[in-house]
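Notebook open, structure loaded. I'll jot down what I look up as I go.

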Amino acid sequence: MMSPLKPDLLLVRFGEMMLKGKNRSRFEKKVVSQLRGVLAPFTQVKLVTEYGRVYIRLSDASAEDVGKAVSKVFGIETYSPVYTAPSDSEAIQAVAVALMKKVVKRPQTFKVEVKRVDKSFPFDTPEMNRIVGGAVLRACPELSVDVRSPETTLRVELREKGALLFVETFEGAGGYPLGTNGKAVLLLSGGIDSPVAGWQAMRRGLELEAVHFHSFPYTSERAKEKVIQLARKLSAYSGGSIKLHLVSFTEVQTSIYAAYKDNLLVTILRRAMYRIAETIAEREKALALVTGESLGQVASQTLPSLNAIGRAVSLPVLQPLIATDKKDIIRMAEQIDTYTLSIQPYEDCCTLFLPPSPSTNPNLRVIEAIERGFPQLDEWILRAALEAETVIVTPEDGAEEDAYF
C-alpha cells in the first residue's frame with residue numbers, strides 16, 4: 001500500500017446519459033480513447049476500465065495535474081482521488097483516519113458510506129459503517145456524525161483486491177463524448193460568445209472545425225493571433241487539436257461596402273460570412289454551422305435578423321447560446337479560460353464599416369434584391385473559401401506548435 005497521504009488512483013465516472021441505450025459501448029470507447037490522448041504526457045499512469053468507470057493508476061503522477069487533464073474530456077461526470085488499503089479492517093480504519101485528518105477542515109460533520117462489492121469480506125455493510133465511523137470519531141473527537149446532511153462523506157468500497165477510500169468528488173466536463181454527434185463548423189470571432197458556443201457544441205458531442213474572418217489591413221495580425229489563441233483554448237477540449245480556417249474577408253467586405261452603405265449592410269455581410277462558412281463546411285464534410293448568437297443582444301441578433309441571415313445557407317445553424325444571459329456566458333467563458341483573451345481590445349472585421357443605424361427588422365426580399373445587384377458575389381464567396389489559410393491549432397503554448405497548410 002502506498003502512503004495514505006497520497007492518492008493511488010483517480011476514479012473516473014461516466015455520465016448517466018452515456019450509460020443507457022445501444023450506444024453505450026461506442027460512447028465509452030470514445031471517452032477512453034480521448035482520456036488516453038490527454039494523459040499521453042503522463043507516461044507513468046495506467047488506465048483500467050470497468051463498467052461505467054475508469055481507474056487511472058497514478059504511480060508518481062500528481063492527482064491534481066491528472067485531474068486537470070481529465071476535466072477537459074467530455075462524457076465524464078465526476079472524478080475522485082482515491083486512496084487504497086488492503087482488505088483488512090484495521091488497515092482500512094488507519095487509511096480512513098489519515099484521510100479524514102488530511103482533507104477535512106475541522107470541525108465538520110461527516111458520515112461513512114460503505115459499498116461491499118466483495119461479498120466475502122468478513123463484515124457486512126452496516127458493521128463496516130460503524131467500525132470505520134467509530135475509528136474516525138475516536139481519532140477526531142471534534143467531528144460529529146450527520147447521516148442526513150453531512151459536510152463530508154467518506155466513501156469506502158470493499159473490493160476483491162482491496163479497499164478504495166475517497167472523500168473528494170470533482171465535476172467533470174459532462175456532456176457526450178467528442179464526435180459522437182457528428183461534425184460542425186464554428187464561426188469563431190474574437191469576442192466572448194463564440195468560443196463559449198463552440199465549447200457548448202463540443203460538449204454535446206460535436207467535432208468542430210473553426211472559421212475566422214479577418215480583413216487585413218483593416219484588422220491587424222494581433223487580432224488574428226488572438227483568435228488563434230482562443231482556438232488553442234478550445235483545442236484542449238477537442239481531442240488535442242482543432243482545425244482553424246482563417247478567411248480573408250477584405251475583398252467581400254470592401255466590395256459590398258463600395259456599392260451599399262445603408263442600414264442592411266450588417267445583415268448582408270453576415271449572410272456572406274455564413275455562405276463562406278457553409279462552403280468550407282461542405283468541403284470538410286461537416287453537417288452544420290455553429291454560431292455564438294444570443295437572442296436580442298445586438299442588432300444582428302433580433303429574431304428577424306437571425307431569420308434573414310440564416311436563410312442564406314441550407315445547412316442547419318446551431319446557436320447554443322440563443323437564450324443564455326450575458327452574465328452566464330461570461331461565467332462559462334471564465335470557466336473555460338477564454339474570457340481574458342476575448343476582452344482584449346483588438347479590432348474585429350464585424351465592427352468595420354458599420355452603418356449609423358443597423359436594421360433590427362430586415363426584410364428578406366429587399367436583402368435578396370440588393371444582393372442581386374452584386375453579380376460577382378458568388379465568385380467573391382467562393383474565392384474567399386478556397387483561399388482560406390488553414391492551421392491545425394494544438395493546446396501547447398507557442399505558435400511554433402501549429403501546423404499551417
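Is valine 145 buried, partly exposed or exposed? I get 47% relative accessibility, so valine 145 counts as partly exposed (buried is under 20% relative accessible area, exposed over 50%, partly exposed in between, with a 1.4 Å probe and protein chains only).

Ground rules before I go on. This is a predicted model, where local features need pLDDT of at least 70 and side-chain atom pairs count only at pLDDT 80 or more, while totals for chains, interfaces and linings use all residues. Residues are numbered from 1 along each chain as its sequence is written, and side-chain values use heavy atoms, with hydrogens and water left out.

**Overall**

I find 13 helices and 16 strands in the protein chain (DSSP runs numbered from the N terminus: helices are H or I with at least four residues, strands E with at least two). The C-alpha trace spans about 85 × 40 × 40 Å along its principal axes. Of the 405 residues, 53% are buried. I also checked one separation: threonine 125 and serine 241 are 46 Å apart, C-alpha to C-alpha, and 116 residues apart in sequence. Threonine 125 is in helix H4 (residues 125-139).

**Surface patch**

Back to valine 145, which lies in strand S6 (residues 144-145). With Leu137 and Val147, Val145 forms a nonpolar surface patch of about 240 Å² accessible area together. Areas are Shrake-Rupley with a 1.4 Å probe, and for residues only the protein chains shown count as cover. Patch members have over 30% relative accessible area and no salt bridge; like charges are joined within 9 Å, nonpolar side chains (Val, Leu, Ile, Met, Phe, Trp, Tyr) within 5 Å.

**Core**

Which residues touch the most other members of the largest nonpolar core? They are Ile256 and Ile276, in a core of 37 residues (buried Ala, Val, Leu, Ile, Met, Phe, Trp, Tyr and Cys, joined through side-chain atoms within 4.5 Å). Elements giving two or more residues to this core include strand S10 (183-187), helix H7 (250-259) and helix H13 (377-386). H8 gives the most, with ten residues.

**Rings**

I searched the whole structure and got eight aromatic pairs (Phe, Tyr and Trp rings, the six-membered one for Trp, with centres within 6.5 Å; planes under 30 degrees apart are stacked, over 60 edge-to-face, the rest tilted). Phenylalanine 74 and tryptophan 199 make a tilted pair, 6.3 Å centre to centre with 55 degrees between the planes. Phenylalanine 74 sits in the loop between helix H2 (63-70) and strand S4 (76-85) and tryptophan 199 in helix H5 (residues 193-203), so the pair ties together parts 125 residues apart in sequence. Both phenylalanine 74 and tryptophan 199 are buried. Phe74, Trp199 and Tyr237 form one aromatic cluster.

Arginine 24 lies over the face of tyrosine 51, 3.6 Å from the ring centre (NZ of Lys or CZ of Arg within 6 Å of the centre and within 35 degrees of the ring normal).

**Salt bridges**

I count 19 salt bridges (a side-chain nitrogen of Lys or Arg within 4 Å of a carboxyl oxygen of Asp or Glu). Glutamate 113 meets lysine 111 at 3.1 Å, N to O, and arginine 155 at 3.7 Å, N to O. Arginine 155 is in strand S7 (residues 152-159) and glutamate 113 in strand S5 (residues 109-116), 42 residues apart. Lysine 233 and aspartate 337 pair at 2.6 Å, N to O. Last entry: Glu50, Arg53, Glu157 and Arg159 are linked in a salt-bridge network.
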